[in-house]
Amino acid sequence: MTRKILAGLLALSLAPGTCVRSELPEPDYTSPVEITRLDVRGRKAGPLVLEGAWELASENDHFGGYSALVQWKPGVLLAANDAGRLMKLPRPDGPAGEIALEKFLAFERVDKTRVDLESLTNDPATGRVWAGLEWSQEIIRFDFDLKRERQYRPQAMKDWGSNSGPESLVRLPDGRFVVIEERRRGDGHHNALLFPGDPVAGQLPVPFVFEGREGYRPADAALLPDGRVVVLLRGFELGLPPRFPVMLATFDPSRIGEGKVLASQFLAQIDEPLPSENYEGITAIAESDGSWSLWLISDDNFASYQRTLLLKLSWKPDQRRARQKARE
């Protein structure tokens, strides 16, 4: 992605001019993850209220670079990163639990193009999880224990951008799947696909165009409890440090039509006074009190000047819409 190239150039420009050759240290796969709550509750973004914000940090080589987020089990979030690592994260607003960092596909150090995981979605009924890899334009399905079951490279995705592929992957309640390409076609338009079933089964998808916002690209998406989809749109502004403005938008998947442009509706701008970072992962959860929570995680690009932040945003949906969806 452009942001990572620019971030890399920025890091090189800040590096000392003298290079000293030395052996690389042994990888650290044992250091724990430390989580610190930030004192920023109560701030608002449109209809969303910030209920909690946490900073995560670790020296563990499995940690960092998170680009996808999903609720894996009740009370447990699952995050995946650009280096093909997984983090099982108990919700920090609930009972204390151990944060687990794990390898992806049993590899220790591999080529990024084989493990750059950018999107996650799941089926709560079976526990299966699907992941989108952007360099290989591939979708992988895991069982409820996160063991790989099957992987497939859809022909309809073969010409998607090598470093801007399936950034958004959502399983709909009826078993269909939506996939959105990060690379823009122009004017905020992005290639997208609607699969009639499991995308690793080789079924032919329906192509359509997702209309986001000019200057922003879809970084992730999640299913809302009422059946709509929320998309995390992320921008990039070069600076010291760089800025990543974020916007949330929604769409109704029932309006998808073959070859048609699907418009999105603005929901909120995630910017100051909310903690600002490079948010790339989002998931939505229906809470017991009838509200929804949107969880966002940031990608620190493995850079010292960026942070891994986790946000919890509370949303009280339109009760009339919720009742209508319940009757359908």
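**Stop 1: Leucine 248 and its surroundings**

Select leucine 248: leaving out residues up to four places away in sequence, it touches Leu48, Val230, Val231, Leu232, Gln265, Phe266, Leu267, Ala268, Ile270, Ile282 and Leu294, where contact means heavy atoms within 4.5 Å. Before you go on, note that this is a predicted model, in which local features need pLDDT of at least 70 and side-chain atom pairs count only at pLDDT 80 or more, while totals for chains, interfaces and linings use all residues. Residues are numbered from 1 along each chain as its sequence is written, and side-chain values use heavy atoms, with hydrogens and water left out.

**Stop 2: The cores**

Now widen the selection to the largest nonpolar core, which has 27 residues. Such a core is a set of buried Ala, Val, Leu, Ile, Met, Phe, Trp, Tyr and Cys residues joined through side-chain atoms within 4.5 Å; buried means under 20% relative accessible area, exposed over 50%, and partly exposed in between, with a 1.4 Å probe and protein chains only. Leu48, Leu248, Ile270, Leu294 and Leu296 have the most contacts inside this core. Strands supplying at least two residues each include strand 3 (48-57), strand 21 (279-286) and strand 22 (292-298). Strand 23 gives the largest share of this core, four residues. For a second, separate core of 18 residues, pick out Val170, Ala192, Phe210 and Leu262, which are among its members.

**Stop 3**

Next, colour the open sheet with strand order 16-17-18-20 and antiparallel pairing. Strands are DSSP runs (E, at least two residues) numbered from the N terminus, and two of them pair if DSSP finds at least two bridges between them.

Zoom in on strand 16 and strand 17 (residues 229-234), which pair over six antiparallel bridges. Here aspartate 220 stands opposite leucine 232 in strand 17.

**Stop 4: Valine 230**

Stay in strand 17 and select valine 230. Valine 230 counts as buried because its relative accessibility is 0%.

**Stop 5: Histidine 189**

Finish at histidine 189, in strand 14 (residues 189-195). Its side chain makes a polar contact (a pair of N or O atoms within 3.5 Å; within protein, one must be able to donate a hydrogen and the other to accept it, and residues adjacent in sequence count only if both atoms are side-chain atoms) with the side chain of glutamate 211, at 3.4 Å.
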